[in-house]
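Visitor: Please take me through this model one feature at a time, with the rule behind each.

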Amino acid sequence: MKHTETDAPADGFDWHAESSDVELTRGERFWEFYEHRVYQPMLIAWSDLRTRIGLVVIAFYLLLALIGELGLWRAPSTSQAPRLLGMFENMAYPLGTTSAGVDLTAAIIHSTSDILLMVLAGGVWATGVALLVGVFAGYKGGMIDNILMSVSDFFMAIPGLPLVIILAITFSPENPIFVGVILTINYWAGLGRSLRSQVLTIREDSYVEASRTMGVSTWQIMVKDIIPNLMPYVTVNFVFAARYTIFASVGLYFLGVLPYSTQTWGVTLARAQANGALFVPDAAHWLIAPMIAIVGLALGLILLGQGMDKVFNPRVRTRLAGESETTEEGEDDSITGGTL
Amino acid sequence: MAADNTKYRSLVDRRRFVELVGVSGAAALAGCDSGGDGGDGEDGNESSGDGEDGGASGVIDKTHVSALQTNPTEDTINRHHTQNASEPASRLAFDRYAAYSFESGEFQLEALDDWEFDGKTVTLTFRDDLTWSDGSQVTTEDIDTQFQLQKKTGSAIWGYVESTEVVDDLTYQLNLSGETNPQMVKFQLSNMWVSTPASVFEQFLDQDASEVQTWVWEDSDEDVLVSGPFKYVDRSQQEWNFERNPEFRDADNINFSDWQFDAYQEASVPQQDFTAGGGRFDSSWSAFAPPETVEGYQDHVVEIRSILAKWGYGTVFNHDSDIFGDRAVRQAIAYVINREELVENAGPRTKFPASVPCGIAPKNIDQWLGDQKSNFNDYGVGESDTESATQVLEDAGYSKSGGTWQTPDGEALSAEYLTPAGWSDFTTMTNTIVDRLSDFGIDLTVATAPTSDWQGRIIDSNFDIAAFYWLPGQARSTFPYFPLRHQLAFDAMDGGHNYPAEEEQTIPSMSGDGETTINPLQKVEEIATVPTNEEAMPIVQEAAWHNNVDLPFLSLVSKFEQSWLTNDEWDIVEEGDPDRAVKWPPFWLPRKGKLTAQE
Amino acid sequence: MVNYYVRRTARVFATVFAVMSVTFGLIRLLPGGPYSQLRAQLLRSGVPAEQVNQQIENLQNIRPDAPLWEQYINYMVSVLQLNLGQSISKGDPVVEILAQAAPWTIFIVVVSTVLMFAFGIVLGALQAYKEGSKFDGIVSTFSMAGMSIPFYVIAILALLVFSYRLGWFPPSGTADSSIDNYWSLAFFVSVLKHAALPVFAYTITGIGSQALAMRGNSIQVLGQDFVEVARLRGLSDTRISTRYVARNAILPMYTGFLLLLGFRLGGTIILEYIFNYPGLGYYMLEGLNGNDYPLMMGTFLVITVALVVGVYIADLTYSKIDPRISAGDSREAY
């Protein structure tokens with residue numbers, strides 16, 4: 001991850017220039033924060049087709065989760081429908097049924113909320129820990145930096161999936177939030193390193209310097225001056241971590257190493273494969289249905305991520321008319337995302 | 001048997017397991033009409049039943065290629081090897097003491113000329129025409145070496161045998177440790193093979209057991225001596241080659257020159273070959289195929305489905321659990337489960353339900369229960385009898401509140417149902433059961449665990465209710481002692497279900513009036529000590545009655561095994577022949593001349 | 001600088017040591033402990049309960065009841081001697097199994113990663129060159145679609161279509177078993193055929209993110225002053241694109257490449273499971289399902305060491321290639 005240290009200065013984030021040259025009152029500060037960090041970005045985001053589609057897709061999944069939670073669609077159960085109906089063969093069971101007569105639509109809808117929780121947990125954990133580690137290590141430097149970076153090097157040295165599999169076997173996590181955390185147990189390490197190198201640049205900036213000489217506490221500097229400047233990068237990486245969580249969770253359910261009590265997408269996929277859906281044309285829909293669910297959600301996240309990138313990367317935005325990504329994002333994704 | 005059978009369709013590998021347990025079922029009853037003569041195997045060199053072809057002279061230069069789902073170099077034909085003794089390969093390489101036909105339900109003597117049971121003495125007389133592949137005679141010295149090594153390694157036969165002695169070159173005597181039903185000893189003996197030439201194995205007699213238990217014969221300097229129809233040639237990761245053994249006593253029955261195991265990893269590889277007609281495999285043993293797949297097979301692929309797998313899906317309770325320790329709850333569960341629905345969901349082609357859940361293998365129930373069967377409670381084989389279930393629970397003081405049943409103490413009936421991940425048909429049946437019970441108001445959730453974890457939790461009694469096979473597997477399961485004991489003592493999982501099998505229990509009597517007390521395990525052990533099946537019958541009935549009432553386990557479903565042969569280049573004996581029901585047809589039929597190469 | 005190399009090298013050893021220790025600890029944490037599977041196997045086959053422990057002792061040549069520190073020291077010493085123990089399910093030394101498995105996995109991972117980078121770089125460069133064109137848009141769309149499909153979905157579909165339906169490629173294994181001569185053309189072709197689908201599935205979904213990264217880098221480099229200067233100096237387009245742009249755009253991706261190799265080694269667990277491709281990932285899962293802890297942990301260690309070494313090489317060579325890097329900075333604390 002060394003490369004990020006070099007890329008960061010070259011690539012930089014100039015947001016500080018707009019936000020903190022002058023001392024502002026609390027109210028003004030808040031207003032400005034809202035204006036610059038929420039309202040304007042949202043506006044820009046919405047102007048991008050990708051973001052719009054991404055948001056719509058994710059909203060659709062939230063709706064599915066809601067339908068499941070409110071019980072608006074039947075719960076999956078064996079022998080609830082004729083066995084092995086194909087897709088759209090019977091509109092009461094649009095995605096078809098399994099060989100045990102389970103409605104696939106129900107199976108997918110009713111596991112959506114768990115998946116979303118898992119994804120959220122994975123994203124929050126990965127980016128949260130990375131932020132904490134990156135900011136502390138970067139700003140404090142010295143001993144703390146050394147220790148934190150050694151720890152994250154250690155975590156980076158352990159291959160993600162095998163470690164996660166062993167942890168999954170050891171702890172048999174069933175709570176979706178816990179699963180999300182386990183899946184991204186060492187995802188933060190690489191991200192933390194990139195954040196640290198960005199902090200290294202930011203802390204040298206004049207306004208941070210100013211705050212420091214004025215005796216503002218370290219904590220305040222971190223929260224008010226540094227973290228806001230990292231948020232764009234963090235947000236985009238949150239999306240990637242979320243995508244990684246989906247891929248990894250489905251993969252592990254598919255392998256059968258995560259315990260489950262409901263039929264998550266990965267479980268449905270595994271059951272389809274075990275029951276010969278690869279082989280039997282009549283059962284192909286059993287494989288396809290969960291695949292669509294997985295790819296759809298991932299696509300929504302990716303589109304959102306791409307749109308966000310444009311929002312948060314003003315330099316690229318202004319210069320290249322909103323068509324590009326930063327080096328870090330592309331690469332960071334290629335590293336962790338490439339695994340799955 | 002430790003050495004002999006650990007590899008026996010090891011449950012460890014889940015992919016292998018899919019093939020084993022399968023997803024199909026019920027039309028299978030066809031082709032399993034009991035019949036045949038169950039010949040006693042005294043056919044010697046004249047080898048009755050070998051068809052028109054295959055004389056001594058006309059050996060065709062042809063290789064039979066059989067599918068094998070392991071890496072050959074990981075296995076060995078050393079049957080004392082604890083973990084890697086190859087079941088299929090030793091069935092080619094060695095003569096067996098006796099064989100059991102699932103069709104006739106009889107033993108047929110093979111290497112044995114006679115077995116005599118007289119109280120605590122069993123006299124084994126071996127045939128005089130048994131030879132090792134180097135031409136030397138098989139004598140009781142070899143047999144003794146085998147028994148001594150098995151004693152060292154703690155094999156199951158030594159659970160019955162106290163001591164052995166060599167009487168003469170062909171006669172060997174076993175002194176049993178107690179009065180034992182001959183049937184049980186016969187099942188153990190039928191699982192033994194003439195596999196231990198003294199010249200090779202006597203070196204292990206004064207070594208640690210682990211030496212022979214880890215010894216890979218093929219990799220050693222010793223000659224690989226066999227007593228069966230095919231002898232070892234060589235092997236690689238992909239194939240395991242054997243050639244016709246002219247010294248085999250029935251070598252005349254084998255009219256082709258070579259046998260090869262062709263290794264594959266994924267269960268669907270033979271399926272693909274049989275569908276596409278790739279011609280890679282001539283046979284495949286004990287390989288499950290889903291029904292839709294079978295329909296797509298080429299015409300020349302012959303399914304042999306006459307072997308009862310003798311195991312199947314059951315439910316095991318943790319009897320220390322507050323909920324499932326109560327007989328009423330177990331009975332209610334038995335009523336709610338629709339066994340035919342399980343079969344329909346998980347594989348209607350090869351599976352069939354137990355007509356009465358009483359611990360006896362389904363196909364043997366009628367034979368053992370006889371007239372008494374009508375007294376037994378079948379708990380509704382094809383229905384979800386929630387009415388009776390409600391009745392039982394209410395009588396025991398349970399009440400329903402908010403859709404969930406509660407114990408008289410107000411505890412909700414709620415638990416995790418433990419099931420092995422990756423066993424596709426087990427999972428389907430577990431889901432079906434959990435759905436029906438949840439509908440009924442017993443709030444269960446499925447908890448999957450990898451195979452080893454699942455077993456570990458059961459051994460450690462770390463579960464409330466779980467899926468587990470209720471028949472202990474192998475031919476012995478046809479004899480009620482074995483499945484009944486399996487369910488009570490649960491040796492396979494170190495008694496992890498905590499059933500009070502050795503406690504005096506009070507149950508309603510079989511005739512319907514009054515009560516009776518029974519010590520279940522003692523009752524089952526009694527079966528083992530009576531000399532004939534007639535005498536055993538009433539004892540079996542009492543033990544089964546206890547099982548039917550108290551339900552230490554739920555006997556739900558059993559299945560047929562599928563083996564596959566091809567008849568485009570091979571001649572196979574007609575359906576109904578008892579030899580088609582000897583494990584496993586691809587390896588058994590050739591030595592009987594019932595699987596021969598076409599000229 | 002020397003100091004940096006020494007520190008960096010020391011850290012490799014420290015990491016490997018730490019990973020080994022964690023591995024040892026994890027084995028003990030796993031449900032049922034190292035020998036539960038063997039115990040169940042023996043029990044099921046009819047070995048009396050009281051003899052089971054004796055048998056385990058016979059077979060594994062260890063005493064499961066030895067004090068923890070003793071087990072720990074024994075473990076560390078034997079791992080250092082490249083003795084990863086004996087596989088419980090296979091009966092062979094773990095090192096032997098892994099030595100057979102590793103080449104296949106490395107083959108798949110290296111080939112697919114190289115292909116992925118090659119395609120990604122070419123596509124990304126073309127996109128940057130034709131920025132804003134229809135081509136750029138289409139490739140970007142496909143890249144994003146690719147990024148939203150996990151490789152195992154492609155793997156399953158490829159298996160379904162190209163293997164089961166069309167029969168073009170074998171569904172499992174590493175090579176045709178009937179070919180004895182490992183140096184023949186037929187064997188080589190067979191290896192390629194067996195590897196084709198795994199490599200395809202593992203490559204195709206990764207191209208997208210590489211292309212996007214390359215595109216971003218190239219556009220960024222194209223906008224930098226030195227490219228302008230080169231243009232003004234009248235250097236040819238080819239020279240600019242290869243010497244300046246490509247070089248500077250690919251450079252940041254170089255470390256990513258080595259890191260990815262390590263990461264993708266881990267991903268082979270799912271890939272090899274789907275294709276029954278007996279490599280490292282396959283055996284790790286096999287060990288896991290069979291509670292074959294020596295096998296599982298041996299595989300885990302091997303994959304980890306591969307990753308550690310990969311990162312190490314990446315770091316060292318990168319600082320050689322790109323002089324801008326300041327090795328191991330940790331400036332004054334605030």
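## Reading the model

Guide: Take one residue to begin with. Setting aside neighbours within four places in sequence, Gln562(B) is in contact with Trp285(B), Ser286(B), Ala287(B), Phe288(B), Ala289(B), Val294(B), Glu303(B), Ile304(B), Arg305(B), Arg349(B) and Thr350(B). Contact here means heavy atoms within 4.5 Å.
This is a predicted model, in which local features need pLDDT of at least 70, side-chain atom pairs count only at pLDDT 80 or more, and totals for chains, interfaces and linings use all residues. Residues are numbered from 1 along each chain as its sequence is written, chains are lettered from A and ligands numbered from 1 in the order in which they are written, and side-chain values use heavy atoms, with hydrogens and water left out.

Visitor: In which strand is Gln562(B), and is Gln562(B) buried or exposed?

Guide: Helices (H or I, at least four residues) and strands (E, at least two) are DSSP runs, numbered from the N terminus. Gln562(B) lies in strand E25 (residues 557–566) of chain B. For accessibility, buried means under 20% relative accessible area, exposed over 50%, and partly exposed in between (1.4 Å probe, protein chains only). Gln562(B) has 2% relative accessibility, so it counts as buried.

Visitor: Which side chain is in polar contact with that of Gln562(B)?

Guide: A polar contact is a pair of N or O atoms within 3.5 Å; within protein, one must be able to donate a hydrogen and the other to accept it, and residues adjacent in sequence count only if both atoms are side-chain atoms. The side chain of Glu303(B) is the partner, at 2.8 Å.

Visitor: What is the average pLDDT of chain B, and where is confidence lowest?

Guide: pLDDT is the predictor's confidence in each residue, from 0 to 100. Chain B averages 83, and 89% of the residues score at least 70. The lowest confidence in chain B falls in helix H2 (residues 14–21), with a mean of 32, and the highest in helix H10 (residues 327–336), at 95. Residues 1–56 of chain B have a pLDDT below 50, although this stretch has 199 contacts in the model beyond near neighbours in sequence. Where pLDDT is low, the predicted coordinates should not be read in detail.

Visitor: How many helices and strands does chain B have?

Guide: Chain B comes to 19 helices and 27 strands. Of its 599 residues, 67% are buried. Among contacts between residues at least 6 apart in sequence, 72% join residues at least 24 apart.

Visitor: How many salt bridges does the structure hold?

Guide: A salt bridge is a side-chain nitrogen of Lys or Arg within 4 Å of a carboxyl oxygen of Asp or Glu. The count over all chains is 28. One of them pairs Arg436(B) with Asp439(B), with the closest N and O atoms 3.3 Å apart. These two are three residues apart in helix H14 (residues 424–440) of chain B, and so are separated by about one helical turn. Arg436(B) is buried at 14% relative accessibility, whereas Asp439(B) is exposed at 53%.

Visitor: Which parts of the chain does the salt bridge of Lys523(B) and Glu542(B) link?

Guide: The side chains of Lys523(B) and Glu542(B) meet at 3.0 Å, N to O. The pair links distant parts of the chain, 19 residues apart: Lys523(B) is in helix H17 (residues 520–529) of chain B and Glu542(B) in helix H18 (residues 533–550) of chain B. Lys523(B) is buried, with a relative accessible area of 14%, while Glu542(B) is partly exposed at 34%. Elsewhere, salt bridges that share partners join Asp95(B), Glu110(B), Arg249(B), Asp250(B), Arg591(B) and Lys592(B) into one network.

Visitor: How much area do chain A and chain B bury between them?

Guide: The size of an interface is often given as the accessible area lost when the parts come together. Buried area is the accessible area (1.4 Å probe) that two parts lose on being put together, summed over both. Chain A and chain B bury about 2,000 Å², 46% of it on carbon and sulfur atoms. Thr78(A), Tyr260(A) and Phe279(A) supply 28% of the area that chain A buries against chain B, more than any other three residues. The contact takes 24 residues from chain A and 27 from chain B.

Visitor: How many salt bridges and polar contacts cross that interface?

Guide: The rule finds zero salt bridges and eight residue pairs in polar contact, both residues at pLDDT 80 or more. On the side of chain A that touches chain B, helix H11 (218–255) and helix H12 (265–274) of chain A are the elements that give two or more residues. The residues of that side divide into 12 nonpolar, nine polar and three charged. Ala, Val, Leu, Ile, Met, Phe, Trp, Tyr, Cys and Pro count as nonpolar, Asp, Glu, Lys and Arg as charged, and the others, Gly among them, as polar.
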